Amino acid sequence: MIKREIINRKQFLTKLGLGTGAIMATYCLGSLTSCDEGSDYKVGEVDFILNLDESSNDALNTVGGYVSSNKVVIALVSERNFVAVTQICSHQGAENVTFRSMNSDFYCTKHGAIFDLEGNGLNSNGSKGIMVYKTSLSGNRLRIFS
Ligand code: FES
């Protein structure tokens with residue numbers, strides 16, 4: 001008597017002795033979209049400077065303050081520690097990402113996606129994470145760049 005076992009694609013590949021990397025490569029060959037673990041909503045390269053002396057950037061002189069500029073949310077999360085993320089939410093592309101100082105996280109007001117300061121998603125709508133940009137402070141000039 002032949003015993004039948006129903007297994008899924010990953011289990012099949014595992015039985016063949018393929019490691020995780022080989023399995024992911026196989027998935028990628030089968031469907032490019034299944035390999036994209038990042039956002040479906042493309043965010044562009046950024047490189048701009050904010051002058052912290054300008055009144056429009058006053059919020060960045062207080063811990064917990066944030067501004068939005070060039071579709072980027074920039075927050076002063078602790079003394080002289082800035083975090084910048086795209087304003088474009090990875091859930092459905094709304095440009096609604098803000099900073100919540102009380103929770104010290106980034107939050108999309110559209111459907112409630114939440115991201116930590118490293119860009120990791122903290123709930124299901126935020127599961128794709130969010131792009132975090134580099135920051136560099138020189139005097140009162142804050143550079144935000146990819
Ligand atoms: S678009 Fe941001 S949570 Fe849905």
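I looked up the sheet first. It is open, has six strands in the order β1-β9-β8-β4-β3-β2, and pairs antiparallel. I took strands as DSSP runs of E of at least two residues, numbered from the N terminus, and counted two strands as paired if DSSP finds at least two bridges between them. β1 (47-51) and β2 (66-69) are the edge strands, each pairing on one side only. From one strand to the next the twist averages 25°; axes are lines fitted to C-alpha atoms, with angles from 0 to 180 degrees between N-to-C directions.

This is a predicted model: local features need pLDDT of at least 70, side-chain atom pairs count only at pLDDT 80 or more, and totals for chains, interfaces and linings use all residues. Residues are numbered from 1 along each chain as its sequence is written, and side-chain values use heavy atoms, without hydrogens and water.

β2 runs antiparallel to β3 (residues 72-78), joined by four bridges. Ser-68 sits opposite Val-73 of β3.

Then I checked Thr-86, in β4 (residues 81-86). Is Thr-86 buried or exposed? Thr-86 counts as buried because its relative accessibility is 2% (buried is under 20%, exposed over 50%, partly exposed in between; 1.4 Å probe, protein chains only). Beyond its neighbours within four places in sequence, Thr-86 contacts residues including Val-43, Val-97 and Tyr-133 (heavy atoms within 4.5 Å). A polar atom of the Thr-86 side chain lies 3.1 Å from the backbone nitrogen of Ile-88.

Last, the cysteines. I found zero disulfides (cysteine sulfur pairs within 2.5 Å). Cys-89 is buried at 2% relative accessibility. Cys-108 is buried, at 2%.

How values were computed. A polar contact is a pair of N or O atoms within 3.5 Å; within protein, one must be able to donate a hydrogen and the other to accept it, and residues adjacent in sequence count only if both atoms are side-chain atoms.
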